[in-house]
Amino acid sequence: MKRNLASKFGQGLTPRQFVESMTKNQQPFEAWYEAFSWQDESDREFFESLNHRDDLRSLILAADWCGDVVRNVPAVFRILETAGIRTEVLILEDNQDVMDDYLTMGGRAVPIVIIADTGGHVLGHWGPRPQHVQRLMNEFKRENPDREAPDYEAKIAEVRKAMGQAYGEGTEYQAVIARELRELISGF
């Protein structure tokens, strides 16, 4: 059961503070942020329509060393900016208590985008990556439950390569994130 996160509001970093505090991957993060563009006009219109709502807040669990954070959070920032949803970033290492409520197949994976109301009641969450990319990791973990297996590292390197290919070379995956966040938020 997801707990109320009202106590976490005001404890996180603003998106700009997060970027400025990055000690790893700041340049690629900013490049993905600048590269964002709306590929579906109806998605842009949907998120713009949320500007009249003042009842939604977002907390994003993140770490600057994580490749999925570098890829996905710039798009999430742009989408939530368009929606006018107040967003704070919680650093993974400082917020293990929250992270433990959002494990992915039993493991800690970021980013996790949590959407809550102004009272801190969690409405839903997204992450750590687009579903078509996450599906590859889910299959890998089901097929390779023993992290101590002698071939585990070689196999995880292969699935990470496949995940990189699933993201693609350009920004098309950002439209997937917009669509998945739209599906999530449409339910509130």
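Biologist: Why is strand β3 (residues 112–117) called largely enclosed by the rest of the structure?

Modeller: Five of its six residues are buried, so the rest of the structure largely encloses strand β3. Buried means under 20% relative accessible area, with a 1.4 Å probe and protein chains only. This is a predicted model, in which local features need pLDDT of at least 70, side-chain atom pairs count only at pLDDT 80 or more, and totals for chains, interfaces and linings use all residues. Residues are numbered from 1 along each chain as its sequence is written, and side-chain values use heavy atoms, without hydrogens and water.

Biologist: What makes β1 and β3 a pair?

Modeller: Pairing takes at least two DSSP bridges between strands (E runs of at least two residues). Strand β1 (residues 56–62) and β3 have six, in the antiparallel sense, so they count as paired. L59 has I114 of β3 as its bridge partner.

Biologist: How many bridges join β3 to strand β4 (residues 122–126)?

Modeller: Four, and these strands run antiparallel. Here I114 is bridged to H125 of β4. In the hairpin of β3 and β4, four residues lie between the strands, and G120 takes a positive phi near 85°.

Biologist: What is the volume of the largest pocket, and which residues are closest to its centre?

Modeller: The volume is about 580 Å³. Of the 24 lining residues, D68, R129, M137, R160 and M163 are the closest to the centre.

Biologist: Which helix gives the most to that lining?

Modeller: α7 (152–167), with seven residues. α4 (67–83) and α6 (131–143) each supply at least two.

Key: Buried < 20%, exposed > 50% of the residue type's maximum accessible area, 1.4 Å probe, protein only. 1 Å grid on protein atoms, 1.4 Å probe; cavity = no way out; pocket = protein on both sides within 12 Å on 5 of 7 lines; lining within 4 Å. Points joined across faces, edges and corners; volume = space filled by probe spheres on them.
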